[in-house]
Amino acid sequence: MKGLLANYEEAAAIILFCIGFSTLLFHRNMLKKIIGLNIMDTGLYLFLASMGYIDGARAPILTDVNAINMADYINPVPSALVLTGIVVSVSVTAITLSLTVRLYSKYRTLNLDEIYAIARRTEKEEF
Amino acid sequence: METFKIILLLMLIGCAICVSLTKRLLTAVIIFMCYSLIMAVVWILLESPDLGITEAAVGAGVSGILLLVTLKKINKTETDSEESEEEQKKKAGDGDETR
Amino acid sequence: MDFICNFPFFSIVLCLLSAVVCSVLSGKAARRLTLCVEFVLVCLALTLLVYTVRTGESFNYTMGHVGAPWGNELRIGVLEALMASAFMIVLFASVLGGGTYIVRDITEKKRNLYYILLNLMGAALSALVYTNDIFTGYVFLEILTLTSGGILMIKSTGKTTLAATRYLIINLLGSGLFLLGVILMYDLTGHLLMEFMHGTVSELEATGEYAMPLRVTTGLICAGLSIKSGLFPFHRWMPDTYGNATPTSASLLSGVVSKGYIFLLIKILYRVIGTDSPAVGAAQNVLFVFGLCGIIMGSVSALRQESVNRMIAYSSAAQIGYIFVGIGLGGHMGFCAAIFHILTHAVTKPLLFLSAAKLTEASGGSPVFSNLTGAARRAPFSAFMFTVGALSMVGFPAFAGFISKLFFSVAAVTHSSAQSVVTLCVLAVSTLLNAFYFFRTVIRIYTPSEDVSPLVYKDWGFMVSSSLFLILNLVFGLWSQSIYRIIVSGLRMLA
Amino acid sequence: MKLDKERFNAWLNDDPDRLNGMEEMAEIPYPPRERIKEKRQELQERIDAQPVGQISFLSRKFWQRVYSVFAVICCAVMTVVLLSTVAELPRFGEYRDTINELTERYIVSGLKETGAVNIVAGIILDYRAFDTLGESFVLFCALNCVLILLRIDSSDDVRHHELYFNLAHDDILRKSALFSIPIVFVYGIYVLLNGHLSPGGGFSGGAVIGAGIILLSIAYGERASGALISEKVFKTVCCCALAFYGVAKSYSFFTGANHLHSIIKPGTPGEILSGGLILPLNIAVGMVVACTIYGMYRMFKKGRF
């Protein structure tokens with residue numbers, strides 16, 4: 001518990017990840033699933049970024065070129081990785097959203113359970 | 001500063017929970033955009049301004065726009081007073097979680 | 001450094017650039033370009049295989065001016081070259097063999113988009129196989145996931161869209177878990193290149209620090225990748241996906257994509273965590289149990305299916321189970337068996353999917369069993385190829401499937417008593433079930449029926465690609481000793 | 001004055017403005033609501049006509065429940081395990097093990113080797129450029145998937161895809177867009193061009209510019225944004241920029257791996273024309289991203305350009 005409180009940033013990130021994960025897993029509504037996916041990803045990125053943070057350090061943009069001191073700057077690697085990750089998650093969002101639009105135009109609902117029910121009943125038509 | 005950060009983190013968690021509990025999809029999308037903005041601020045506080053800019057532009061901007069366009073496309077955000085109560089309920093019901 | 005060392009890099013960049021070029025081409029031109037590029041990829045990978053076998057050691061290739069541990073790296077050993085050659089051959093042959101179905105299932109204006117995705121998939125696969133950097137692995141894993149989703153949804157019926165949705169959701173859950181594992185691993189080690197991570201991990205293990213986070217990390221990576229490859233409780237997307245997709249997509253998904261994930265897992269187990277680590281031991285036991293369940297459930301479900309596509313799909317689930325049993329048994333022989341089975345399955349499943357599609361087409365378009373009676377008369381060549389695939393899957397001597405089952409039994413026997421008994425029993429039962437459901441189909445297609453309207457056209461693409469698969473099956477079955485030696489030396493290089 | 005009042009009233013009543021955006025209003029053939037209703041009824045009838053079949057819903061529901069209970073337990077266990085892992089990790093904000101020779105080289109000699117004052121830009125476009133190359137192809141892949149799903153090729157498909165919203169007649173939006181669009185564009189271009197000197201870079205700048213173009217298209221109609229990015233421009237820019245990116249990076253990978261001399265120099269630190277390949281790569285990425293985002297928006301909205 002003490003460790004959790006000291007690592008509050010990471011703990012919050014993990015809680016966000018788990019909320020997003022369960023939203024993605026349990027919600028039957030496609031849009032909610034997609035938002036859950038985004039929350040899951042941002043939780044992960046927060047987790048990664050909070051690892052690079054050092055108390056009292058600055059962003060890794062060099063101000064004085066002649067005197068570079070390691071301890072002045074935060075770890076730049078997590079930022080670079082997160083930047084890559086954000087692009088991946090926006091691409092995934094776009095694809096899943098367009099799938100949602102397609103599903104809606106076909107089945108007229110966003111609820112996956114209903115979609116399955118309709119698909120099962122109209123199965124024979126499509127062959 | 002640390003208190004501010006903790007408050008922001010709590011708000012993030014609150015937003016995340018609200019998204020999965022709220023009934024209306026439009027509300028969920030708007031809460032998600034707020035979530036992204038708060039996240040951008042958190043990243044500025046974590047001394048990663050690159051991520052702050054990107055998250056504000058992508059999470060709140062582009063993802064938000066795409067979500068809203070999708071919502072609009074599937075015709076869920078309209079509120080029309082001429083419509084009967086029943087119709088509206090049906091509408092709200094099928095866009096949202098059926099428990 | 002020899003010029004050949006550039007080949008893996010060339011193959012990735014070639015794919016990426018030809019994907020860009022395909023977006024301005026028409027469907028037909030894009031197809032030609034893709035086939036050429038894939039043929040070149042096959043040649044590059046085979047040359048690399050020969051080169052690495054001859055030199056007998058692996059080499060690293062720095063992507064950029066700054067070497068390890070600061071820059072990205074590729075790493076090519078015998079095993080990587082072998083895997084890349086197998087995957088590229090399957091990619092090439094599936095695209096070649098499924099040409100008529102691509103024309104049938106995809107509207108003309110969207111056909112070039114399909115080839116863009118295939119090119120990207122080739123790039124992602126090669127990068128995934130060659131990479132030495134775990135985060136690069138994640139990025140290309142996502143490309144692989146998205147392209148495989150894309151080649152599913154291109155057939156624009158409601159069912160494929162639904163199947164693609166389901167597939168993507170499961171895969172994204174898996175990616176999330178895998179990324180969390182990668183992040184934790186970075187936090188524990190501070191590196192992203194595999195051998196540097198391994199160095200820190202073994203230091204941590206020696207001092208006993210962070211034992212719990214290491215275990216959790218291993219678990220997360222295993223869970224993420226096994227969910228993505230469709231291990232037992234998460235195999236439910238398979239029948240819908242494989243059953244409804246266009247045959248090329250189905251054979252690529254089952255033959256190549258899920259194998260790519262598994263190969264990444266093997267690589268991480270060997271090169272990052274180390275197979276002798278206690279954390280890996282625990283994960284292996286879990287994978288073993290789920291693999292066994294997967295074999296049984298997959299085979300039983302395959303028995304109950306009414307259409308041939310879904311039957312083959314469930315059989316895929318069972319084969320994934322086999323591979324995970326191999327990984328779970330662990331040790332030298334277990335991993336050998338798993339890798340050999342990856343190869344076997346990669347060259348057999350596409351053959352089954354493609355020939356089943358031909359049989360279905362010859363019988364009027366419905367893949368339901370009752371419709372297929374007497375299909376061998378209508379399409380004798382495809383029926384022969386289907387029979388070959390079925391024999392190989394069942395484990396008939398002289399085919400690849402026999403050797404991989406043999407390897408599994410050897411791996412089981414050399415292992416501890418409890419696991420070996422269970423594995424042997426499950427192997428026996430599943431072989432029986434396999435034989436039952438495959439021969440039922442084979443007998444059905446050879447049953448004479450009145451409706452004999454022979455297939456009017458000859459499909460050269462299908463003939464060439466299925467002959468290629470047949471030859472590969474025979475090569476793996478008859479020259480298994482040399483393949484075995486290659487795998488063994490590859491595993492030694494991997495560690 | 002009278003005209004203004006009329007327009008204000010019209011706006012209050014949510015009437016389409018009679019002066020602005022006429023041509024776009026004309027696109028709506030008949031009220032969407034009716035059509036949706038019709039469609040839903042049709043579907044309902046079709047479902048009702050089908051026999052329910054032999055699926056026993058009781059057992060399916062039962063298994064679903066078992067499955068979801070199991071999944072809830074799994075999620076809960078996962079949360080607890082992950083939280084206890086976090087408690088064991090190094091303390092937040094401390095100088096920790098991940099600060100090693102990796103970080104040291106990036107920070108200390110990053111400027112000298114890449115020419116980028118912004119170390120993050122140096123990492124993503126030079127040290128770990130292969131990741132970033134992959135990342136931009138993820139975006140390309142996403143664009144292609146969206147095109148596959150939403151692009152309309154045949155005219156009979158149009159009915160499904162048309163989108164009925166049009167804010168082009170809204171005066172408030174127009175006036176506020178008039179002020180904000182230039183700012184958005186300037187900011188986006190600044191972020192894009194200064195990627196190696198200050199926070200930002202190709203991706204964020206491109207996303208800002210893309211959002212600006214979307215705003216333009218919402219406020220002033222498709223014609224305005226179409227004049228900026230037509231289908232041809234979109235295709236050309238995407239392909240050329242991606243191909244340039246791929247070729248340029250391949251050149252630097254190839255020379256690096258073979259220890260050849262590269263003609264690219266880092267330049268003077270801090271100047272706009274410095275950072276070797278980083279500036280052109282940022283511009284290429286920014287163009288790809290802006291076009292991709294706008295293209296995706298068009299696909300979602302209309303299904304074509």
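This is a predicted model: local features need pLDDT of at least 70, side-chain atom pairs count only at pLDDT 80 or more; totals for chains, interfaces and linings use all residues.
Which residues have the most contacts inside the largest nonpolar core?

Residues are numbered from 1 along each chain as its sequence is written, and chains are lettered from A and ligands numbered from 1 in the order in which they are written.

The residues with the most contacts inside the largest nonpolar core are C:F87 and D:V146, and this core has 356 residues. A nonpolar core is here a set of buried Ala, Val, Leu, Ile, Met, Phe, Trp, Tyr and Cys residues joined through C-beta atoms within 7 Å; a residue is buried if 20 or more other C-beta atoms lie within 10 Å of its own, exposed if 12 or fewer, and partly exposed in between, with C-beta atoms placed from the backbone. Helix α14 (residues 331-362) of chain C gives the most to this core, namely 19 residues, where helices are DSSP runs of H or I with at least four residues, numbered from the N terminus. Leaving aside residues up to four places away in sequence, C:F87 touches C:L125, C:V129, C:V256, C:G260 and C:A346, contact meaning that the C-beta atoms of two residues, placed from the backbone, lie within 7 Å.

## Helix α1 of chain B

Helix α1 (residues 2-21) of chain B has 20 residues, which at 1.5 Å a residue should span 28 Å, and its end C-alpha atoms are 29 Å apart, which agrees; the expected span is 1.5 Å times one less than the number of residues.

In α1(B), the residues B:L9, B:L12, B:C15, B:A16, B:V19 and B:S20 are buried. Because they cover an arc of only 125° around the axis, they lie on the same side of α1(B), the arc being that of the directions from the helix axis to the C-beta atoms. On the other side of α1(B), B:T3, B:F4, B:I7, B:L10 and B:L21 are exposed. The buried residues of α1(B) pack against α2 (8-26) and α3 (30-52) of chain A, together with α2 (25-45) of chain B.

## Contacts of chain D

The contact between chains D and A takes 57 residues from chain D and 48 residues from chain A. On the side of chain D that touches chain A, α7(D) gives the most, with eleven residues, and the classes there are 37 nonpolar, eleven polar and nine charged residues. Ala, Val, Leu, Ile, Met, Phe, Trp, Tyr, Cys and Pro count as nonpolar, Asp, Glu, Lys and Arg as charged, and the others, Gly among them, as polar.

Definitions and conventions: Helices (H or I, at least four residues) and strands (E, at least two) are DSSP runs, numbered from the N terminus.
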